Amino acid sequence: MAASPQIINRLACQDKDGIIQYLTAAGQVQDNAAAQNQWFDDMNRVRQTLPMVLNLDELLAICEAVLTAYPKANNALFQRAIILNDKGEYQDALTIINQIYPLMTGGKKPALFLKVQLLKCLGAPVSEINDVLTELEGLG
């Protein structure tokens, strides 16, 4: 899935307020997988343009607004973990991944890739990293 035309247009115009409003509103639509995935892709697109329009703290604020409306929004939790990783807050990001991974029905490979990266950054034992890599291999 690609970023939505709405987010692409707002990024092109560097419409910071429009991006925040759009992502906050779109993230609060959690009633179907397509909407959840689109929001995740849009957040990724904005993250890829950092710091052109928004910074990491502003992206975290969007995640928090979505989580306030939908505390169990795994897409927002996963995006929060990615942003915390980008900020160097590895333990907090790992805590989130460990919390949501068992509940995930999709996106398990990216979650495990992030977990491996986080474990490496935290200096985890090689055996723990190898366990995650083995699980990753098992996903095919």
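Predicted model: local features only at pLDDT ≥ 70, side-chain atom pairs only at ≥ 80, totals over all residues.
Residues are numbered from 1 along each chain as its sequence is written, and side-chain values use heavy atoms, with hydrogens and water left out. Local features need pLDDT of at least 70 and side-chain atom pairs pLDDT 80 or more, while totals for chains, interfaces and linings use all residues.

**View 1. The largest pocket has a volume of about 380 Å³.** Its lining has 17 residues, and Asn 37, Asn 75, Met 104, Gly 106 and Gly 107 sit closest to the centre. Helix α3 (33-48) gives the largest share, 5 residues, and α5 (74-87) is another helix that supplies at least two. By type, the lining splits into 7 nonpolar, 8 polar (Gly counts here) and 2 charged residues (Asp, Glu, Lys or Arg). A pocket is an open set of points on a 1 Å grid where a 1.4 Å probe fits, with protein on both sides within 12 Å along at least five of seven lines; lining residues have an atom within 4 Å of a point.

**View 2. Gln 14 sits in the loop between α1 (5-12) and α2 (16-27).** Helices here are DSSP runs of H or I, at least four residues long, numbered from the N terminus. Most residues other than glycine have a negative phi. Gln 14 is partly exposed at 48% relative accessibility (between 20% and 50%, using a 1.4 Å probe and protein chains only).

**View 3. Cys 121 belongs to helix α7 (residues 108-121).** Cys 121 is partly exposed too, with a relative accessible area of 39%. From Ala 2, Cys 121 is 119 residues away in sequence and 29 Å away in space, C-alpha to C-alpha.

Conventions
Points joined across faces, edges and corners; volume = space filled by probe spheres on them.
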